[in-house]
Amino acid sequence: MKELIRLNNICKTYYTELGEIEAINNVSLDINKNDFVALVGPSGCGKSTFLSIIGGLERQTSGKIIKNENLKIGYMLQDDCLFPYLSIYENCVLGLKITKNYTKENIDNVMNMLKLYGLIEFKDNYPKDLSGGMRQRVALIRTLALKPDLILLDEPFSALDYQMRIKVSSDVLNILKKEKKTLIMVTHDISEAISMCNKVVVLTKRPSTIKKIYNIEYKFDRTNPIKSRSSKEFMDYYQKIWEDLNNE
């Protein structure tokens, strides 16, 4: 199949003492190689649950996920989850050691990414010495060290202030494009979704279904996140997506 991953009629129901809670209802979505896909929707609609199902952290109640059995998935959570007692380098290679892939080739790959993304001089420092944006870059390098095909991001910039959030999201976008990865991200920030992704999936309130999918055609300058946000094309997408969400 041409898709990297295909979701067919995915449903998720939680069973509690108070009864059934339907989180996701009949969602189908195709993710192609090198797609950058954003999931946006009302708070509590099941965006993170959806991401967890794709990543294999949870199982769907019904429906099918069709993907290559060799598909490698990397997952970044809201918190950078760096270990404070490990150096930046040790944090970056931790996954390689756990999976027993701590080879010269993979070590060289990590060192190259540390150089490329401006962190090589901090490799012997500890997370407390780094800014929030730098810590996110370290977390991303740790994820990329395992050479995943698909990256899942769950509100990875939510702890950053607005100015830093724009800068770091732009950095992450450029890194993932350079590494030729496929991305699915959850975000509450419409601007972030439009500026980072070529496809924005708008979800309804719970039980979550797909309300609309926007294919973002870039007529604005994505290399300049501030300038792009002031373009007419950007604002047109923003208005349409905002209206979809506001009607929920």
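In this structure, six strands build an open sheet of mixed pairing, and their order across the sheet is E5-E6-E7-E3-E8-E9. Keep in mind that the model is predicted.

**The sheet**

- Strand E5 (73–76) and strand E9 (210–215) are the edge strands, each with pairing on one side only.
- From one strand to the next, the twist averages 15°.
- Strands of a sheet pair through backbone hydrogen bonds, in either a parallel or an antiparallel way.
- Strand E3 (residues 36–40) pairs with strand E7 (residues 182–186) in the parallel sense, over four bridges.
- To find one of these partners, look at Val 37, whose bridge partner in E7 is Ile 184.

**Helices on the sheet**

- Helix H5 packs on the sheet, where H5 touches E5 and strand E6 (150–154). The direction of H5 makes about 160° with that of E5.
- Helix H9 (residues 232–246) also packs on the sheet, touching E3, strand E8 (199–203) and E9. The direction of H9 makes about 175° with that of E9.

**The nonpolar cores**

- Which residues touch the most other members of the largest nonpolar core? They are Leu 183 and Ile 241, in a core of 48 residues.
- Helix H5 (residues 132–144) gives the most to this core, contributing six residues.
- Beyond its neighbours within four places in sequence, Ile 241 is in contact with Val 40, Ile 190, Ile 194, Val 200, Val 202 and Tyr 214.
- Another core, of 23 residues, lies apart from the largest one, and its members include Ala 23, Leu 150, Val 201 and Leu 203.

Notes. Residues numbered from 1 in each chain as written. Predicted model: local features only at pLDDT ≥ 70, side-chain atom pairs only at ≥ 80, totals over all residues. Heavy atoms only, no water. Core = buried A, V, L, I, M, F, W, Y, C linked by side-chain atoms within 4.5 Å. Buried < 20%, exposed > 50% of the residue type's maximum accessible area, 1.4 Å probe, protein only. Helix = DSSP H or I, 4+ residues; strand = E, 2+ residues; numbered from the N terminus. Contact = heavy atoms within 4.5 Å. Pairing = 2+ DSSP bridges. Axes fitted to C-alpha atoms, helices over the stretch in contact; angles between N-to-C directions.
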